[in-house]
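This briefing sets out selected local features of the structure shown below.

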Amino acid sequence: MEILKKLRVSRRFALQGAVGGIGVSLWLPVLDAMLDDHGTAFAQGDPLPTSFGIFFWGNGYVVGDWTPSGSGDSWQLPTNLQAFAELKNDMTFVTGLDMMDAQFKGHGWGVMYVLAGGDGNIINRTSDITRGAENPNATQYKPTIDQIIADAIHTDQPYKSLETGVLAFKGINMGTVSNNLAHRGPNDFLPPERDPAKLFNTLFGDGVPTGSGGSSGVPTDVSYQLRRSVLDAVWEDANRLKGTVGVADAQRIDAHMESIRAVELRIPEGSDGGTTPPPTGCNPTAPAANLPDVTAKSQALNRLITAAVACNMTRVYTHLWSGARDENTYPQLNINRDHHTLTHDGNTAEHTKIERYIMEQYADLATVMKETTIGASTVLDQTLIYGISDVAFEPQWHVHTDYRIVLMGHAGGQLPGNRHVRLQGRKVTELMLTMQQVMGLNVTEFGSWDKTNRTISEILA
Amino acid sequence: MAGSAGSATAGSAGSPMGGAAGAAGAASGGAGGSAGSVPLSTGGVLLRLLTRSEYLASLQSLFGTVTAALDLPEDTSVGGFVSLGAAKVTVNATAADKYEVASRAVVEEVFGDMARWQTLVGCQPQANLSDACVETFARAFGRKAFRRDLTDPEVTTWVQVARDGAVLAGAAQHGLSALVSGFLQSPNFLYRVETNALDSTNGRLKYDGRSMAVRLAYFLTGGPPSAELLAAGESGQLDTAAGVQTAAASMLSSQALVTRLTSFFYEYSQAELVMVSDKDPTMFPTFNDSLKNSMKEGTQLFLERVVLAPGADVRSFFDSNQTFADAALAPIYGVTAPNSGFAQFTLAPTSGRVGIMGQAAMLAGHSKSDHSSPTVRGLYMMQAFFCAVPEPPPGNVNTDIPDDPTLTTRQKLERHRSDPVCAGCHGMFDPMGMALEHFDSIGQYRETENGLAIDSSGVLEEGTAFDDLVGLGAALRASPFANECLIRNFYRNVNGRADDLQDQPQVDAMEATLASRNYVFRDYVADFVVSDAFRSAPALPLTGENQ
């Protein structure tokens, strides 16, 4: 898709432009310059890009408070999803799906299942699981679905995928899955950025103050060229080293080399001398450093994620609100008992408060995306967000039964929305396969736990 | 590429690392091979990513003090240690980005100061770097950065980068700073490269001299080898135990070793958990960041000045009656606040407090926000002190512990444990946690809970009974299992390698040596660095989940 190449947003351009507020209403449609007169496609006829996201939170939900009345198109939001009242038309709420035989195994296995479709061993009973997941060695053994999709749909956006998060993990260490969502393989993960100011600097800044010190007097374009030539040589070093190491380390070096290329791709093409017109609107102002509270951080991150997607800096994003089995407290809600303990102590009032609060943050992300336009469309129209937790729970203990999954967005019109799809006894992997197909992947089966070739057409138009 | 799966052939001599190529991972590969005998490795190259502190120490050795703020990738803890994580994780795109930005921040600082960079480079190049100065610098600086000589193709690559950069940007320092920025991003800098080969005398994989220099330096000092140590390794001096002993002598007596060992014990204790722990502010209004910092520092001082004090028995880790407190910690330990900073105190027997588990950081870090947790505390001790990892709770078990104010935590848990499904595992670790029940969620002593007397007695899985933490500390000191587990964790930490049954002879030997050194850990380390446990690795790859 040649047109997408032209959409690459340079940091130089991103730093230019009039002051835009972090409030998305102030942004101009990013891609307007390249769109047709109707704003529904690129001038050359290529469709607008779609994107895929994950919003993950730990510890599940009280099933009863997540049960809507009605199904299909005539349904009412359940009590704990009231934050989405204005977004009901953009939601596809999927209930009833299970993990394997629905026997509970634990948080670590839940996260392995709902994000990666299992650990690579083809089974369909939890009692057949052989790998530990709730210990300090735990990891994802297969790539998470976001990375599968990113590998398939990435063209030349500066970020193949963007990883963000809010609460740093607290609780019993479950290896790399505690603090990270996106995995490309065992112990090969992409850590979330939780600091909005750092994320802004990464996306729209340069990372290093320039114009002083060693680069004094070096034109920006030249410094870009220097950086690229350095990375090329680093890549050569890595390639030479790879030839000397064993299989396992060679895989690590391969991943490292891919990372070097990814960094190189993020360095703007400096040689165009400004001949490409700068996309307008990709100029959010920097969020304040050290935002005081979690809610403010969350809102700033939501706006930066949306900006990155709107500016076509990435087509895949994952947002890790909290990890599986997380033990953060919520002082902003006056809750000083930790989230995971609350899910077991029989007091549903407090964890209902937490769930509603988390859903408010998810709804905020979707709202910002709905308000951010791309031509005649919006980011939310073009995206699909997989809203998922590791487990469900009854009032006092966890289950892998009847997952409640909050899909947001329309993926370029493929999901009509305003729909409650209830499919009892079907599997989460079926939905994960369907989402891959929605994102244009040519796949017909997915998963190792509950390996399936069945899809869930009920979510589609 | 050398090192195809399943083969165990020695690689070509004269590879850049001078080692046998490929076989390190070959034995663990076995792709397509039939189950059964796993081929013995004949050695190979192992990559250990520098941890943040190793990266900073390596930077310091290259440039002296660097003041630029660096946002480095987070360390990854695997199996409880970042050194294990560093042998497993990959440099993802985020990390590569951070290394790139950090390298530019460093060269901005160093090359922004003409006197500084000219001293670093050591020769006066022409503006376009067309003379020999750049190559001289690349070889000398590269040797320090990569901890080995550069190969000719490497020199060619990097000299070209520097010359192109100088021409493009119009000044020598821009080319040289590009070269330096590249060296700091090179995997040859970012990874500790360790090479070993089969030693037919004992069937183990022996590290070569250069690797021994690297291993000794990062283990004993936390940083890269000095020029002398690297030269000693390359000349063969570190091929023998006697040579290692001589070379290590000065490092063994330096304060840097105490710092390194303190950080091992600190990581082992997981006391850092206190820094991310939240408490109910209505119950514990004094628990703020300042108090957390005091708890952390107090525990570090306890480890450094008590457990690792000259001549100290390392088992004081379990049962010492010494502690460190500042004004903030004094009320928690029931001692008189020192006038300033920290002071060492002997805890009264009536305090009920001994050893690492009596440290406020441990008690607060292994608790819930509003109540102590014998389960969390006991589970930590079972994993850290007995190297046992229990199965997680089975499915569909009601884990609800009713919030009954008429019961002690012990009584509530014992009701819960009446379920035989739970009793199997909880019966192993809860009793150890119960020993700490006299200490609340921030580590304060309490005589009663909910107005009821506290019963902190219990029995270790191996049979020793105790009345309280003092008794538990004594039991742990006397436990061969706890002593073995401690040394096993040390072995994992230093080697960046999990262990399995084939490591058992080394662990057994280490334990015996420690005893022969009267449990003085710093003395023991001198024996450790000349032993097979440090100078070589097993030839069989790790099995199962230990891989």
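A search of the whole structure, which is a predicted model, finds 5 cavities of 30 Å³ or more. The largest cavity holds about 70 Å³ of space.

**Lining of the largest cavity**

- The largest cavity is lined by 12 residues, of which Pro49(A), Thr50(A), Ser51(A), Val309(A) and Ile374(A) are the closest to its centre.
- Two elements of chain A, helix 9 (294–310) and helix 12 (379–382), each give two or more residues to this lining.
- Sorted by class, the lining comprises 6 nonpolar, 5 polar and 1 charged residues.

**Helix 6 of chain A**

- Within helix 6 (residues 196–204) of chain A, the buried residues include Pro196(A), Leu199(A), Phe200(A), Leu203(A) and Phe204(A).
- These residues lie on the same side of helix 6 of chain A because they cover an arc of only 100° around the axis.
- The N-terminal end of helix 6 of chain A is capped by Asp195(A). A side-chain oxygen of Asp195(A) lies 2.8 Å from the backbone nitrogen of Ala197(A).

**Asn418(A) and its contacts**

- Asn418(A) is placed in the loop between strand 14 (403–408) and strand 15 (419–422) of chain A.
- Leaving aside residues up to four places away in sequence, Asn418(A) touches Gly72(A), Asp73(A), Trp75(A), Lys88(A), Asn89(A), Asp90(A) and Met91(A).
- Asn418(A) and Leu77(A) are 341 residues apart in sequence, yet their C-alpha atoms are 9.7 Å apart in space.

**Positive phi angles in chain B**

- As background, most residues other than glycine have a negative phi.
- Arg147(B) is not a glycine, but has a positive phi of about 60°. Arg147(B) belongs to the loop between helix 6 (133–146) and helix 7 (152–169) of chain B.
- With a relative accessible area of 2%, Arg147(B) is buried, as this value falls under the 20% cut-off.
- Gln270(B), also not a glycine, has a positive phi of about 60°. Its place is the loop between helix 13 (255–269) and helix 14 (289–307) of chain B.
- Gln270(B) is partly exposed, with a relative accessible area of 32%.

Methods
Residues are numbered from 1 along each chain as its sequence is written. Chains are lettered from A and ligands numbered from 1 in the order in which they are written. This is a predicted model: local features need pLDDT of at least 70, side-chain atom pairs count only at pLDDT 80 or more; totals for chains, interfaces and linings use all residues. Side-chain values use heavy atoms; hydrogens and water are left out. Buried means under 20% relative accessible area, exposed over 50%, partly exposed in between (1.4 Å probe, protein chains only). Helices (H or I, at least four residues) and strands (E, at least two) are DSSP runs, numbered from the N terminus. The arc is that of the directions from the helix axis to the C-beta atoms. A polar contact is a pair of N or O atoms within 3.5 Å; within protein, one must be able to donate a hydrogen and the other to accept it, and residues adjacent in sequence count only if both atoms are side-chain atoms. On a 1 Å grid over the protein atoms alone, a cavity is a set of points where a 1.4 Å probe fits but cannot get out, and a pocket is an open set with protein on both sides within 12 Å along at least five of seven lines; lining residues have an atom within 4 Å of a point. Grid points are joined across faces, edges and corners, and a volume is the space filled by probe spheres set on the points. Ala, Val, Leu, Ile, Met, Phe, Trp, Tyr, Cys and Pro count as nonpolar, Asp, Glu, Lys and Arg as charged, and the others, Gly among them, as polar. Contact means heavy atoms within 4.5 Å.
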